Amino acid sequence: MKKFDLIIIGAGPGGYETAVHAAKSGMQVAIIEAKKPGGTCLNEGCIPTKCLCHSAEILDEAKEGDTLGIHTEGISFNLANAIARKDEVVAKLIAGIEGLMKTPGITYICGKARFSESHVVAVETDTKELLMLEAPHIIIATGSIPKYLPIEGAHSPSVVSSTELLQMTSLPNRLCVIGGGVIGMEFASIFNSFGSEVCVVEFCKEILPNLDSDLSKRLRTSLKKKGITFNLGAAVTQIIPQPDGSTQVVFQEKGKEKTIETDLVLMAVGRTPNFADLDLEKAGITATPRGIVVDENLRTNVAGIYAIGDVNGICPLAHAASFQGQKVLLDIEGKDSSKINLNIIPSAVFTVPEFASVGLSEEACEAKGISYTAHKSFYRANGKALALGAEDGLAKILTDEEGHILGAHILGAHSSDIIHEATMVMSMGGTIKDLTHTVHAHPTLSEILLEAARN
């Protein structure tokens with residue numbers, strides 16, 4: 001039995017960053033990973049998709065080259081080359097994490113972990129060795145896995161998750177995306193730019209149903225102009241492979257059965273917490289299909305055991321996992337963690353244009369009975385946006401009666417960067433006046449948020 005101060009199961013952003021911080025504070029840490037370090041974010045999610053987003057963005061700009069005085073005749077796109085570049089970026093970042101795992105105080109173990117009892121973890125290493133580890137504190141950070149609809153044909157050869165799509169080296173002529181959430185919309189946007197004929201089938205009445213519907217609708221309109229077709233309020237009932245190699249996606253829309261012919265289907269209906277192989281019952285840890293149950297300090301029902309990131313089902317974002325890990329370490333050390341406000345977490349959707357959000361939407365305010373004022377500004381009125389040829393966009397700030405920011409939502413170029421200005425004001429307990437009193441450089445896209453605050 002090997003004893004540690006802290007055992008972390010999972011080396012995604014939440015796991016490996018927490019391990020480094022814990023080791024630097026003097027803890028002896030064991031971190032266990034069954035696959036490659038970096039988790040879903042680095043290997044199958046955030047980073048790979050952003051590599052392809054960049055390729056799509058450059059391709060879109062090249063197509064508009066003539067308007068900028070740049071002749072781009074004969075331009076072509078090679079998906080295999082884009083995937084190769086993505087793999088190079090991922091490999092560099094994995095190497096960086098492997099370097100971090102050599103930090104003094106960290107024992108990095110490649111293998112599959114499961115609970116033997118509440119504070120004892122059994123690990124079958126990749127060399128088939130069985131290790132028994134014990135620690136007073138354990139953090140579960142095993143992330144999530146793709147979810148599939150429970151319908152006929154869901155696991156047909158022509159149906160892939162985001163994981164498989166990120167490995168494809170040939171471009172499908174037709175791509176049907178089932179699910180209009182973040183993952184679905186990013187891939188729909190990417191492959192539309194690459195040249196695939198893309199359609200989206202979404203069960204809800206609008207894409208990105210958890211975000212501000214005003215901006216979601218605007219994004220859908222923008223993507224529709226680029227050639228993406230949408231079927232909203234549609235429930236997929238069956239996926240049928242055809243003898244000619246094509247696939248039929250059957251769905252119900254407004255009481256009518258409809259069919260889409262496609263070459264490839266992306267199943268993008270969300271992700272599910274990854275804890276099935278951990279033998280949680282042997283540790284007495286409570287979990288539901290939504291995730292491992294935790295309190296506001298990420299504690300499970302078993303003292304000394306925590307769950308962070310996608311596996312607890314609270315906020316499936318890499319940066320949320322990282323800050324949840326920081327909060328856990330403060331709790332372990334008996335320190336005040338209240339300054340880490342996990343209710344204020346920005347998010348971004350890397351479509352073209354980008355969509356970024358933090359805090360409450362108008363729908364959420366109305367559902368909670370919160371009185372608010374909406375302040376708006378448009379990209380088309382911003383000099384830098386026009387210079388970039390990025391006039392498609394809108395910024396919206398929601399405030400209460402005292403001017404405190406309840407939420408901010410931006411659709412437009414670089415919104416994933418601009419959103420942090422509103423996030424900082426919210427985190428500091430400031431008001432919209434703090435934005436209006438802050439000098440912004442001109443000409444910049446950040447002035448769009450300033451103008452919204454003034455309106």
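**Close-up 1. Glu206 is buried, at 12% relative accessibility, and it pairs with Arg220 in a salt bridge.** This is a predicted model, and here the N-to-O gap comes out at 2.7 Å. Arg220 is buried as well, with a relative accessible area of 17%. Arg220 sits in helix H7 (residues 213-225) and Glu206 in the loop between strand E11 (197-202) and H7, so the bridge ties together parts 14 residues apart in sequence.

**Close-up 2. Asp212 and Lys396 make a salt bridge, with their closest N and O atoms 3.0 Å apart.** Asp212 comes from the loop between E11 and H7 and Lys396 from strand E24 (residues 394-399), so to speak a link across 184 residues. Both residues are buried. Shared partners join Asp212, Asp214, Arg218, Glu362, Lys376 and Lys396 into one salt-bridge network.

**Close-up 3. Helices H3 (residues 46-63) and H4 (residues 79-100) cross at roughly 140°, their axes coming within 9 Å.** That angle makes H3 oblique to H4, and the crossing is right-handed. On the H3 side, the contact includes Ile47, Pro48 and Cys51, and on the H4 side Val89, Val90 and Leu93 are among the residues involved. Sorted by class, the contact has nine nonpolar, two polar and two charged residues.

**Close-up 4. Lys86 and Asp87 form a salt bridge, closest N and O atoms 2.8 Å apart.** Lys86 counts as buried at 1% relative accessibility, while Asp87 is partly exposed at 36%.

**Close-up 5. Helices H1 (residues 13-24) and H9 (residues 318-332) pack at about 35°, axes 8 Å apart.** This crossing is right-handed. Five nonpolar, six polar and one charged residues make up the contact.

Methods: Residues numbered from 1 in each chain as written. Predicted model: local features only at pLDDT ≥ 70, side-chain atom pairs only at ≥ 80, totals over all residues. Heavy atoms only, no water. Axes fitted to C-alpha atoms, helices over the stretch in contact; angles between N-to-C directions. Helix = DSSP H or I, 4+ residues; strand = E, 2+ residues; numbered from the N terminus. Parallel < 35°, antiparallel > 145°, perpendicular 65-115°, else oblique. Left-handed = near helix turned anticlockwise from the far one by under 90°. Contact = heavy atoms within 4.5 Å. Nonpolar A, V, L, I, M, F, W, Y, C, P; charged D, E, K, R; others polar. Salt bridge = Lys/Arg side-chain N within 4 Å of Asp/Glu carboxyl O. Buried < 20%, exposed > 50% of the residue type's maximum accessible area, 1.4 Å probe, protein only.
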